[in-house]
Amino acid sequence: MRIIGLAGWSGAGKTTLIAKLIPGILARGLKVSTLKHAHHAFDVDRPGKDSYEHRMAGATEVLVASQKRFALMHELRDEPEPPLAALLAKLAPVDLVIIEGWKREPHPKLEVFRASVAKPLIHPDDPHVVAIASDVPLPGATVPRVSLDDTPAIIDILLARAAPLAAAPPPGESR
């Protein structure tokens, strides 16, 4: 299993780009999973559902399964957020995992840059940024730059620069 991240400021289009990249990666015969960081409280469950009632009653984990999919919800309660490596270890093996967020972690990343967001580039201060997908030319960039619209070229970069899962820090350790 290999990993690569998409990093950028909120509003840069990371999620939209990932949704465009996945079909192209699948078309190359590869299996892909994603891991998304949320900076806010989120819930995949809702009041009135049995699984919600189980969690609210105090269950640590609730697994909901059907013939189409399953979802495992783990309540952290007062536990700290798990490190990236611990979350990666929970995924089933695939060819490529695209990590959205965790922009300060030491894994290879493609920076998603959109000029309209009006935030600085991440790559000058992060040696783990291997390339930039941008909507504007970036003549001062010190890493390769590709157009946000060039999905095949972005996929080429992701596949060429993804690192083996073993390159991620072990669970519980942060770099």
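**Figure 1. Leu-6 and its surroundings in the predicted model.** Setting aside neighbours within four places in sequence, Leu-6 is in contact with Lys-14, Leu-17, Ile-18, Leu-21, Ile-98, Ile-99, Glu-100, Gly-101, Leu-110, Val-112 and Leu-158. A second, separate core of eight residues has Ile-3, Leu-35, Val-94 and Trp-102 among its members. Keep in mind while browsing these views that the model is predicted.

**Figure 2. The largest nonpolar core, with 23 residues.** H4 gives the most, with five residues.

**Figure 3. Helix H4 and what covers its buried residues.** Which residues of H4 are buried? They are Thr-151, Ala-153, Ile-154, Ile-155, Ile-157 and Leu-158. The cover over the buried residues of H4 includes E1, H1, E5, E6 and E7, as well as strand E8 (145-147).

**Figure 4. Lys-109, a buried lysine in strand E6.** Strand E6 runs over residues 109-113, and Lys-109 belongs to it. Is this lysine buried or exposed? Lys-109 counts as buried because its relative accessible area is 0%, and the cut-off for that term is under 20%. A polar atom of the Lys-109 side chain lies 2.2 Å from the backbone oxygen of Glu-105. Leaving out neighbours within four places in sequence, the contacts of Lys-109 are Ile-4, Gly-5, Ala-7, Trp-102, Lys-103, Arg-104, Asp-126, His-128, Val-129, Val-130 and Ala-131.

**Figure 5. Trp-102, a loop residue with positive phi.** Trp-102 is found in the loop between E5 and E6. Its phi is positive, about 50 degrees, although Trp-102 is not a glycine. With a relative accessible area of 12%, Trp-102 is buried. Trp-102 also takes part in the second core, which includes Ile-3, Leu-35 and Val-94, and is in contact with Lys-109.

**Figure 6. Ala-118, in the loop between E6 and E7.** This residue too is not a glycine, and its phi has a positive value near 60 degrees. Ala-118 counts as exposed because its relative accessibility is 67%, and exposed means over 50%.

**Figure 7. Lys-119 over the ring of Trp-9.** The charged end of Lys-119 sits 5.2 Å from the centre of the Trp-9 ring. What about pairs between aromatic rings? Searching the whole structure finds zero aromatic pairs.

**Figure 8. Thr-142, in the loop between E7 and E8.** Thr-142 counts as exposed, at 69% relative accessibility. How far is its C-alpha atom from that of Ile-132? The two C-alpha atoms are separated by 9.6 Å, and the residues are 10 apart along the chain.

**Figure 9. The whole protein, for orientation.** The C-alpha trace spans about 55 × 35 × 30 Å along its principal axes. Of the 175 residues, 39% count as buried. The protein exposes about 10300 Å², of which carbon and sulfur atoms supply 56%. Among contacts with a separation of 6 or more, 54% come from residues 24 or more positions apart.

Definitions and conventions. Residues are numbered from 1 along each chain as its sequence is written. This is a predicted model: local features need pLDDT of at least 70, side-chain atom pairs count only at pLDDT 80 or more; totals for chains, interfaces and linings use all residues. Side-chain values use heavy atoms; hydrogens and water are left out. Helices (H or I, at least four residues) and strands (E, at least two) are DSSP runs, numbered from the N terminus. Buried means under 20% relative accessible area, exposed over 50%, partly exposed in between (1.4 Å probe, protein chains only). A polar contact is a pair of N or O atoms within 3.5 Å; within protein, one must be able to donate a hydrogen and the other to accept it, and residues adjacent in sequence count only if both atoms are side-chain atoms. Contact means heavy atoms within 4.5 Å. A nonpolar core is a set of buried Ala, Val, Leu, Ile, Met, Phe, Trp, Tyr and Cys residues joined through side-chain atoms within 4.5 Å. Rings of Phe, Tyr and Trp (its six-membered ring) pair if their centres lie within 6.5 Å; planes under 30 degrees apart count as stacked, over 60 as edge-to-face and the rest as tilted. A charge sits over a ring if NZ of Lys or CZ of Arg is within 6 Å of the ring centre and within 35 degrees of the ring normal. Accessible areas come from the Shrake-Rupley method with a 1.4 Å probe; for residues, only the protein chains shown count as cover.
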